[in-house]
Amino acid sequence: MKSKTSILIALITAIMFAMTGCSSKAVNAITETTPDTAFKEVRVGQVGNHIYIEEDFCEKRMREDQKKEIMAALEEADKLIDEDMYVYGVSESFDKSGYSFNADRYVKGVDITDAKARCECKDGVYTWKSSSGGTYTKQDIDIDTSKVIPAEDLYNKVFKLAEEHKKEMIMFDEENFQIRGEYTLRYTEGRGLYYFFGIYDYSSVQVDATTGDILEYYFFNGLYID
């Protein structure tokens with residue numbers, strides 16, 4: 001039996017599909033992607049001196065009317081650090097008195113995924129903590145990016161792999177489904193530098209950024225069935 005969440009996801013998707021229409025005019029408007037057009041780099045913006053976020057950070061995570069508050073909160077959080085942070089998550093306190101942020105260290109434009117921190121707000125005071133909740137300690141991190149392969153050189157490989165697993169990503173409208181995604185450059189201890197290609201909301205391909213080898217991939221259409 002499908003779970004309530006599964007049914008809800010399926011209904012929302014079906015409604016969205018119905019709203020777009022399935023006339024020949026709508027179908028003809030769809031542009032078929034290629035390895036050169038399917039992927040784009042996540043655009044990153046800066047807040048203050050040390051905080052970096054996706055340019056559409058607020059739009060993806062919060063209501064439009066919260067944007068000014070979130071940006072103001074990020075500016076306050078930025079005042080307390082002297083090292084670059086990539087903020088990827090935000091949550092509002094239960095009493096709606098402020099926001100907390102999840103972040104990774106950000107070095108040379110690279111997301112250091114295992115150097116995590118959290119900035120919490122209580123009574124209007126922002127405090128940076130380690131991911132485990134203790135006092136945050138500045139981490140001196142340096143990485144060598146001189147041998148990183150341009151992401152464009154990997155498009156064909158990632159696109160081909162995604163094509164091979166295309167049916168695993170499709171929930172509706174198989175005929176017009178197009179491969180699209182965004183990527184970031186990341187570093188994880190023991191893995192090194194790699195590109196993370198996020199394809200739609202549920203699938204991903206991770207590629208070694210210095211050798212071009214596929215490290216890991218996961219394809220899924222977002223529908224859980226009990």
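**Surface.** I began with the accessible area: the protein chain exposes about 13800 Å², and carbon and sulfur atoms supply 51% of that. A reminder to myself that this is a predicted model.

**Whole chain.** Next I looked up burial and found that buried residues account for 42% of the 226 residues in the protein chain. I listed six helices and 11 strands for the chain. I then turned to contacts between residues at least 6 apart in sequence; of these, 54% join residues at least 24 apart.

**Around S4.** I picked strand S4, residues 85-92, and checked its partners. Strand S3 (residues 51-54) pairs with S4 in the parallel sense, over two bridges. Here I noted Tyr52 opposite Tyr86 in S4. On to strand S5, residues 99-107: S4 and S5 run antiparallel and are joined by seven bridges. Gly89 stands opposite Asn102 in S5. The hairpin of S4 and S5 has six residues between the strands, and I saw that Lys96 there takes a positive phi near 60°.

**Ile51.** Is Ile51 buried or exposed? I count Ile51 as buried because its relative accessible area is 0%, and the cut-off for buried is under 20%. Leaving out residues up to four places away in sequence, I found that Ile51 touches Gly45, Gln46, Leu74, Ala77, Asp78, Ile81, Met85, Val87 and Trp128. I also took one distance: Ile51 and Asp84 lie 33 residues apart in sequence, yet 5.8 Å apart in space, C-alpha to C-alpha.

Methods:
Residues are numbered from 1 along each chain as its sequence is written. This is a predicted model: local features need pLDDT of at least 70, side-chain atom pairs count only at pLDDT 80 or more; totals for chains, interfaces and linings use all residues. Side-chain values use heavy atoms; hydrogens and water are left out. Two strands pair if DSSP finds at least two bridges between them. Helices (H or I, at least four residues) and strands (E, at least two) are DSSP runs, numbered from the N terminus. Buried means under 20% relative accessible area, exposed over 50%, partly exposed in between (1.4 Å probe, protein chains only). Contact means heavy atoms within 4.5 Å. Accessible areas come from the Shrake-Rupley method with a 1.4 Å probe; for residues, only the protein chains shown count as cover.
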